[in-house]
Amino acid sequence: MIMRHWMDCPIVVTHGRLREWQIFTKRTGETPNKDTGEVTYNIDCYSRAVVLGGVTTEPTIHEGLLEQFFVVNGEGAVIIAGEEKAICAGSSFVIPAGVEHRIRNIGADDLEFILARRPPRADGSEDSFVVRHWTEDRPESQFGTPFQGHWNHIYRGPEAGIHVADLPPRKISHPHNHGPGLDEIWYIRKGNAYHWMGREYQPQTPGCALWLEPEEIHSLMNPSDETVE
């Protein structure tokens, strides 16, 4: 597993006015590079991003790449083809590949995101502009039991590319792994936890993102008296 804090990562400006701390990017060789963050198989980049208060980004198109956002803090709007949808802390949204878009911060504080940019699925299932919020109901069938998975994760609302989960105090998530070539990244928004994989475990604090080897069994542990998000 490879862990990086967004404050230790390079910052670039995209969308004309979006400040983006790129935590993980796609690997250039056969092995991950923990020093540069070039680790992912399919995700072009995984970032913490900010639009400053009162700012609207430039019209932007990403050919061949969709964008998935989760709003950590702030409120604003996403504008696509004349359609404007409100977003706020807890919103998730997906911008399809090849579609012109802008993001507007309507407040005085930073509009803060977690952002993933990657190629869309070939079946066309991600060609729609979607905005969701964690307060929306999640269908029971998605994880078998309402709002819960990996034993103790309490999932917040429908997924729009990036989903949110709570791990209650003094709980451990179900040890699991994933198939070859699947990127799984865990970002701690609030609380303090430990992530275990194989023969090692590392503390994970707010602002830290963790990329995991797909076929390695891993688990998040919350030894504290506060919920981890």
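Guide: The sulfur of C208 lies 9.4 Å from the closest cysteine sulfur, which belongs to C9, and that is too far for a bond, since a disulfide is defined as a pair of cysteine sulfur atoms within 2.5 Å. By this rule the count of disulfides comes to 0. This is a predicted model, in which local features need pLDDT of at least 70 and side-chain atom pairs count only at pLDDT 80 or more, while totals for chains, interfaces and linings use all residues. Residues are numbered from 1 along each chain as its sequence is written, and side-chain values use heavy atoms, with hydrogens and water left out.

C208 is buried, with a relative accessible area of 9%, where buried means under 20% relative accessible area, exposed means over 50%, and partly exposed lies in between (1.4 Å probe, protein chains only). In β20, W211 is the bridge partner of I2. The order β1-β20-β17 makes up an open sheet of 3 strands with antiparallel pairing. Its edge strands, each pairing on one side only, are β1 (2-5) and β17 (184-187). On average, neighbouring strands of this sheet are turned by 20° against each other, direction ignored, the axes being lines fitted to C-alpha atoms and the angles running from 0 to 180 degrees between N-to-C directions.

Another cysteine, C88, is partly exposed, with a relative accessible area of 32%. C88 in β8 stands opposite E75, and β8 pairs with strand β7 (residues 75-80) in the antiparallel sense over 6 bridges. These strands belong to an open sheet of 3 strands in the order β8-β7-β10, again with antiparallel pairing. Here the edge strands are β8 (83-88) and β10 (101-105), each of which pairs on one side only.

As for the setting of these two sheets, the protein has 21 strands and 0 helices, and buried residues make up 46% of its 229 residues. Among contacts (heavy atoms within 4.5 Å) between residues at least 6 apart in sequence, 65% join residues at least 24 apart.

Conventions: Two strands pair if DSSP finds at least two bridges between them. Helices (H or I, at least four residues) and strands (E, at least two) are DSSP runs, numbered from the N terminus.
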